[in-house]
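Please open the structure in your viewer and keep the selection tool at hand.

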Amino acid sequence: MENQIVFAAKAVASVSKVLYTGKVHVTGGREGAAISSDGRLDVSLSSPGTSGQGTNPEQLFAAGWSACFIGAMQHNATLLKIKLPLMTSVDTEVDLATGQQGFTLQAKMQVNLPGLPEQQAREIVLAAHQTCPYSKATKDNIEVSIWVTV
């Protein structure tokens, strides 16, 4: 079975240029380890709620999405000629849950844009949610709530 494609999905949007490829090798699943091909990521994994010392996929997803979302806000702020506050931050919760279809995720994001006028904050967050690759990947797939604090 080596080198056989078991599943391939066609993307809704076509890719014209790959900007970066993150490569990670995981062993042991939720009770294992993850290491990137460049060695910059090297973490132990533990299931949520256990006594294990590692992180879990939900925390990694929340961290990646938060970082990407800030990048999308920075991108859109430049286009809209809006200066983001220095203390811009995003606090993201990713819930591992069950529903009618079995296991699922849901997310809550708290976007913090201290000192930014409310209308500008709303404009930046809406634009970021449309351009952030993580937001696009989860659109219509999981429940997502976003709050903004100015």
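In this tour, a strand is a DSSP run of type E with at least two residues, and strands are numbered from the N terminus. The model is a predicted one.

**Stop 1: Valine 26**

Select valine 26, which is found in strand E1. Is this residue buried, partly exposed or exposed? Valine 26 has a relative accessible area of 46%, and it is therefore partly exposed, since that class lies between 20% and 50%. Now display its contacts: leaving aside residues up to four places away in sequence, valine 26 touches Ala33, Ala34 and Leu45. The C-alpha atoms of valine 26 and valine 144 are 27 Å apart in space, and the two residues are 118 residues apart in sequence.

**Stop 2: The sheet around E1**

Next, select strands E1, E2 and E3. These three strands form an open sheet in the order E1-E2-E3, with antiparallel pairing. Which strands lie at the edges? They are E1 and E3 (42–44), each of which pairs on one side only. From one strand to the next, the twist averages 10 degrees. In general, the strands of a sheet pair through backbone hydrogen bonds, in either a parallel or an antiparallel manner. Here E2 and E3 pair in the antiparallel sense over three bridges. To view one bridge pair, select isoleucine 35 together with aspartate 42, its bridge partner in E3.

**Stop 3: Arginine 30 and glutamate 58**

The model contains four salt bridges. For one of them, select arginine 30 and glutamate 58, whose closest N and O atoms are 2.6 Å apart. Arginine 30 lies in the loop between strand E1 (24–27) and strand E2 (33–36), while glutamate 58 lies in helix H1, so the pair ties together parts that are 28 residues apart in sequence. Arginine 30 is partly exposed, at a relative accessible area of 28%, whereas glutamate 58 is buried, at 8%.

**Stop 4**

Move to Glu93, Asp95 and Lys108, which are linked in a network of salt bridges. Lysine 108 and aspartate 95 meet through their side chains at 2.6 Å, N to O. Because lysine 108 lies in strand E5 and aspartate 95 in strand E4, this pair ties together parts that are 13 residues apart in sequence. The side chains of lysine 108 and glutamate 93 form a salt bridge at 3.7 Å, N to O; glutamate 93 is in strand E4, and this pair is 15 residues apart. How accessible is each member? Lysine 108 counts as partly exposed at 26% relative accessibility, aspartate 95 is partly exposed at 21%, and glutamate 93 is partly exposed at 47%.

**Stop 5: The nonpolar core**

Finally, select Trp65, Phe69, Met73, Val111 and Leu113. These residues have the most contacts inside the largest nonpolar core, which has 22 residues. Helix H1 (57–80), strand E4 (89–99), strand E5 (102–112) and helix H2 (118–131) are the elements that give two or more residues to this core. Which of them gives the most? H1 does, with seven residues. To close, centre the view on phenylalanine 69. Not counting residues up to four places away in sequence, phenylalanine 69 touches Val90, Met109, Val111, Val125, Ala128, His129, Cys132, Ser135 and Ile146.

Definitions and conventions
Residues numbered from 1 in each chain as written. Predicted model: local features only at pLDDT ≥ 70, side-chain atom pairs only at ≥ 80, totals over all residues. Heavy atoms only, no water. Core = buried A, V, L, I, M, F, W, Y, C linked by side-chain atoms within 4.5 Å. Buried < 20%, exposed > 50% of the residue type's maximum accessible area, 1.4 Å probe, protein only. Helix = DSSP H or I, 4+ residues; strand = E, 2+ residues; numbered from the N terminus. Contact = heavy atoms within 4.5 Å. Pairing = 2+ DSSP bridges. Axes fitted to C-alpha atoms, helices over the stretch in contact; angles between N-to-C directions.
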